[in-house]
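Please read the points below alongside the coordinates.

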Amino acid sequence: MKKLKSITQILDIAKSVIRLESVSIAELSDKLNDDFAKAVELILSSNGRVIVAGVGKSANIATKIVATFNSTGQPAVFLHAGDAIHGDLGNIQENDVVICISKSGNTSEIKYLLPLIKNMGNKIVAICGNNDSYLAKEADCVLDATVKKEACPNNLAPTSSTTAQLVLGDALAICLLECKNFTDKDFARFHPGGVLGKKLFLKVNDIAKNNEAPFVQSHENIKNVIIEISRKRLGATAVLDGKKLVGIITDGDLRRMLEKGKKIEEVLAKDIMNKNPKMIASSLLAIEALKMMEQYNISQLLVVEKENYIGIIHMHDILKEGIA
């Protein structure tokens, strides 16, 4: 039967879960030993993939660990321990290292699977919550994922234990990443989409090339300046002297000119332009353009290629890409 709880009671329960699981995670560092370093060395020296196997909630954790491995440069494949004994065992190749995840280490699927893997000659790493289990005794190295108590009030639902498994998987992934000197450029290769990929890959010219490149000559009148800014819809125009870039005029410059009461018909582009415009190389990352705009509190940058003006990048363009 459902029991309604007050807001205070619900928050107290949630806080208790978080505190209990955080204690379990903190205690993991004291359980690390040479087997953890051995597991890292096995994977680094294998020249193969990592196969991460589990069943039940441990299988769910295994899929996340696989995703983390793949995104940080370590090829990995998920293997459901139940499906492995019905044909998926063929996923395991000669040089692969197999990580088996299990809280008890004594499930029927694990007991069935381990001898088959050992007969194939593959090394086995256990992430296990029972050091006296079948899995712990048969594995080449054991990562202790023992927790004192699940967050479940009945101490049954996998909560603290699965969080511990996940954290050990993250620890393995980051150790492998650092051992391989995996850089942000490597990371970008595996994350070409989304915000992460755009921050690491998207260049200024990738955005600027989609815009028209507004410009006027320095001797042109204000009417032409206004028409060019309005037509190109970037809130600014470059000012050229022949082919040489000599300045920029923005909407703000036009407003300031009108506030000073100057006669429009007498003003030329060179009279109101900013002679020291902020510029950025087309080959730089778009995120660098955003940083410059924020630093100087401006909305546009002139884009140059070998000192030649090629266009404008606007903050709105960057925001549309979802980088900010």
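The numbered points that follow take up the basis of the values, then the pockets, the sheet and the cysteines.

1. This is a predicted model, in which local features need pLDDT of at least 70 and side-chain atom pairs count only at pLDDT 80 or more, whereas totals for chains, interfaces and linings use all residues. Residues are numbered from 1 along each chain as its sequence is written, and side-chain values use heavy atoms, with hydrogens and water left out.

2. The largest pocket has a volume of about 320 Å³. Here a pocket is an open set of points on a 1 Å grid over the protein atoms alone, where a 1.4 Å probe fits, with protein on both sides within 12 Å along at least five of seven lines, and lining residues have an atom within 4 Å of a point; the volume is the space filled by probe spheres set on the points, which are joined across faces, edges and corners. Its lining comprises 15 residues, and those closest to the centre are I248, T250, N274, I298 and Q300.

3. Strand 8 (244–250) and helix 12 (251–259) are the elements that give two or more residues to the lining of the largest pocket, and helix 12 gives the most, with 5 residues. Helices (H or I, at least four residues) and strands (E, at least two) are DSSP runs, numbered from the N terminus.

4. The second largest pocket has a volume of about 230 Å³. Among the 13 residues that line this pocket, N211, R233, L234, D317 and K320 lie nearest its centre, and the largest share of the lining, 3 residues, comes from helix 15.

5. An open sheet is formed by 3 strands in the order 9-10-11, with mixed pairing, where two strands pair if DSSP finds at least two bridges between them. Strand 9 (279–281) and strand 11 (308–314) stand at the edges with a single partner strand each, so one side of each is left without a neighbour in the sheet. Strand 9 pairs with strand 10 (residues 300–305) in the parallel sense over 3 bridges, and A281 stands opposite V304 in strand 10.

6. A search of the whole structure finds 0 disulfides, a disulfide being a pair of cysteine sulfur atoms within 2.5 Å. For C141 the nearest cysteine sulfur, that of C100, is 11 Å away, and C141 counts as buried at 0% relative accessibility. For C175 the nearest cysteine sulfur, that of C179, is 6.4 Å away, and C175 counts as partly exposed at 31% relative accessibility. Buried means under 20% relative accessible area and exposed over 50%, with partly exposed in between (1.4 Å probe, protein chains only).
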